[in-house]
Amino acid sequence: MTEPISSGERGLAGRLALSRLATRASMILERGWPLLLPLAVVAGLFLSVSWLGLFQRLPDLARIGLLVLFSISGLAALYPLRFFRIPSAAEVDRRIEAANELLHSPVQVQSDRPSGAESLFSQALWREHQKRMAERLSSLGADRPRTSVPDYDRWGLRALVGLLFVTAFAFSFGPFGGRISDGFVASAARDTVPPRIDAWVTPPAYTGKPPLFLTADVNQAAQTFSVPQGSDISLRVTGGTGEETLSYADTNGNDRAIEPAAPKGLAPAATQPGPKVRQFSGKLNSNGTLTLKSGEDDLGHWAFAIIPDKPPTIRFVGEPKRAVNGAIELNYQIDDDYGAASAKAVFELSDPPQANAHPLYGQPDMPLTLPRRGGKANAAKTTKDLTEHVWAGSTIKLTLSATDDAGHTATSETKTLVMPERPFSNPLARAVIEQRRLLALDTNAKPRVLDLMDAITLRPEDTFDNMSHYLAIMSAKSRLKLSETDDQLRNEVGYLWEIALGIEEGNLSAAERRLRQAQQALQDALKNGASDEEIEKAMKELREAMNQFLQEFAQRAQQNPNAPQMQQNGRELRQSDINRMMDEIENLAKSGDRDRAQQLLSELQDMMNNLQAGRQQQAGEQDSEMRQQMDKLGEIMRRQQEMMNDTFRLDQMQRGQRQRGANRDEQLGEDGERGQAEDGQKPGPGDDRDPLGRPGMSPKDLADALKQLQEGQGQLQSELDKLKKGLEGMGMEPNEGFGEAGKSMGDAERALGEADGDQAVGHQGRALEALRRGAKEMMKQMQAMQGDQGGSEQGGRQQDADRDPLGRPRATKGPDDGNSVKVPDEIDVQRARQILEAIRKRLGNALSPDIERSYLERLLELK
């Protein structure tokens, strides 16, 4: 039978096993570390060289040589490992006994067995011996390793390798640190920098859309980018291999390669230090996907949905018509998704010239004004004086054409009309114009023109009232005979026009031409965003031309009593009105509101067109009489309003006196003196105001004031009756409003006579309301009469008949509340100029940030 193992024996076995394991590990380390130290030194040196970035800075040949040296050193360092031996169990036991200073080998005794024949006595004796030896193992421990490295490295060079290793490891985290793989990578591959990709799309400038940065963080998750047609795609790759390719594949499967271009502002690749830069650019005109690759690697791709640029549309708004000064006026509408770039009127003769004809002039050039981009209204109007063109008076076909920035062109329907011409009342001027027309349309008609000149100069004493006209025509005849080339003939055509104007208008034609040129110059300056100095220069020229024209116009009016007067739709036009409009145009232009300045300049041109036409309305005297009646009605309404206000105040004063009388009776019953004092210190409502201008009123004064109002009310009723009779005499029918007003005035007069102010105020209010209704009906009748009288006038325009030259309602249209037209006052203009100067001052500061300067420059753009 085997004896059971006690718990003490199990604890001893466990301690002994742990001691043997620890001692075995220490002995392995003692024997292995000196053999591994050369290999660790070689590995530490290799890592240090790699982390310090030395391999990056060596040429390939030196790098390979150093790598081979480390390889040989590593192999040589492995040679001592062949002498390594695993410690045996007996060696481990002896090491434990030596470490714990145990005598008689108590550790070995625990695993040994007695030699010779075994007997019960010998076994018992051996167990007793093991038991006694085991008692010595109660504090058994393992031995620490002793490598004896100092015996091999007496100078401590291993510390230098360790210090270099730690330093290189810390250096590797810096920007110039190397990597372990640098020794195995060629110089060309090692110089490759991870690519940085910047891609953006720039829409065409005319779209007004901002650039789109494709590689921005906010756009990373976008599946498809919607961009306008014709947008520029730009992609820049910084770093990388320098062999990246970019291609664009549309939805039809067509793959288009985008070739790289040299980056602007950068040095050539041969001399440029740092990473490589590749720049790609192209156009996006169809839906597709943009793909960037480096070899077979896909670096990025972006899908695009192209927003097509729709062609514009242009159409007439109403029929082309002739302005009062003979200019052609076109109203039209242009629709485009981003706004049209240009538009013009295309003219064509309805009857084409003969095959052998040689005309001197082509079709008239008439560019059209474009609607404001981004504006709500797409309607526009263009007026141009083409009466000097040789086609004037001919039947033409007119077509409008518009072109957008993408190159799309659209045309309108064709209108057939007679091109407006300047009317000449003088027979001699008409004859010269006819000769000019024949010569300009066909130079082959030169002999016929010379014959016509001979005919009109045959008997000058019967034909010419002014001999200077005869001399001018004879001079033109001599010049025409000597003219051979087309340029000489064109000069002759222009000379004939000057002669005809001189015969018809005298010196006024030159002043009129200068005025038109000044107006056109100012309009071009406003449209092209000219500077304040150029605007001021154009305004100065316009003022001088305007003054010259008005002087000539006034002189002709003095010489000819029947000449047209300075009137605008029945209203006298004063030079102060014109000067005010020009001041307003200049202030608006300088303050930045150039759209409003152009609109006001157009109104000034229309006003001068009406003046230059010299047409008076047939019913001018009757319009003047109507205006006088309207002024009388306005005066009656004003006086009725004042009377109602005065009556109300007198009624309040009467009520206050009655209330104070009642209060005074109560206060005198208690304390008369105090009541009188308080009554004198606290006046009632209306005590300090008197509608008739007196500082205080007694009851007698109030009665007198009411009597005066009664008399004034009766007089006002009489004036209304006279006004009704005057309107009837002019052919108008006063409506029921005037009758109700007269009846209410009579009731108010009786209420005032009875000192009943409350009733009088009610009747006066009803009278005022009835007057207003009567005034509205009166204006409608006047407008109908004016429309019947002016509708048959050739060239007249009735759409602005209710406005004065400054755009305000006329006096014949009732009282002006001031809200019908918005014209900036002096405070608004000065404030705008101050803001403009502050922006320019801020922009001139060289220390301002770029983003702020860009914002201020956009504020100053007046397009």
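Ala, Val, Leu, Ile, Met, Phe, Trp, Tyr, Cys and Pro count here as nonpolar, Asp, Glu, Lys and Arg as charged, and the others, Gly among them, as polar. The structure is a predicted model, in which local features need pLDDT of at least 70 and side-chain atom pairs count only at pLDDT 80 or more, while totals for chains, interfaces and linings use all residues. Residues are numbered from 1 along each chain as its sequence is written, and side-chain values use heavy atoms, with hydrogens and water left out.

**Overall architecture**

The chain has 24 helices and 21 strands, taken as DSSP runs numbered from the N terminus (helices H or I, at least four residues; strands E, at least two). Of its 863 residues, 38% are buried, that is, under 20% relative accessible area with a 1.4 Å probe and protein chains only (exposed is over 50%, partly exposed in between). With contact meaning heavy atoms within 4.5 Å, 72% of the contacts between residues at least 6 apart in sequence join residues at least 24 apart.

**The cavity**

One cavity of 30 Å³ or more is found in the whole structure. On a 1 Å grid over the protein atoms alone, a cavity is a set of points where a 1.4 Å probe fits but cannot get out, and lining residues have an atom within 4 Å of a point. Grid points are joined across faces, edges and corners, and the volume is the space filled by probe spheres set on the points. The largest cavity holds about 40 Å³. Its lining includes L727, F738, G774 and Q781, and divides into five nonpolar, three polar and two charged residues. Helix α22 (residues 757-790) supplies the largest share, four residues.

**Aromatic rings**

Rings of Phe, Tyr and Trp (its six-membered ring) pair if their centres lie within 6.5 Å; planes under 30 degrees apart count as stacked, over 60 as edge-to-face and the rest as tilted. Two of them are tabulated below.

| Pair | Centre to centre | Angle between planes | Class |
|---|---|---|---|
| F46 and F55 | 5.8 Å | 55° | tilted |
| Y248 and F304 | 6.4 Å | 40° | tilted |

Y248 lies in strand β5 (residues 244-250) and F304 in strand β10 (residues 297-307), so this pair ties together parts 56 residues apart in sequence. Both Y248 and F304 are buried. F46 is also buried, at 15% relative accessible area, as is F55, at 0%. Elsewhere, ring pairs link W51, F165, F169 and F173 into a cluster.

A charge sits over a ring if NZ of Lys or CZ of Arg is within 6 Å of the ring centre and within 35 degrees of the ring normal. The charged end of R479 is placed 4.2 Å from the ring centre of Y495, and R422 lies over the face of F424 at 5.9 Å.

How values were computed: 1 Å grid on protein atoms, 1.4 Å probe; cavity = no way out; pocket = protein on both sides within 12 Å on 5 of 7 lines; lining within 4 Å.
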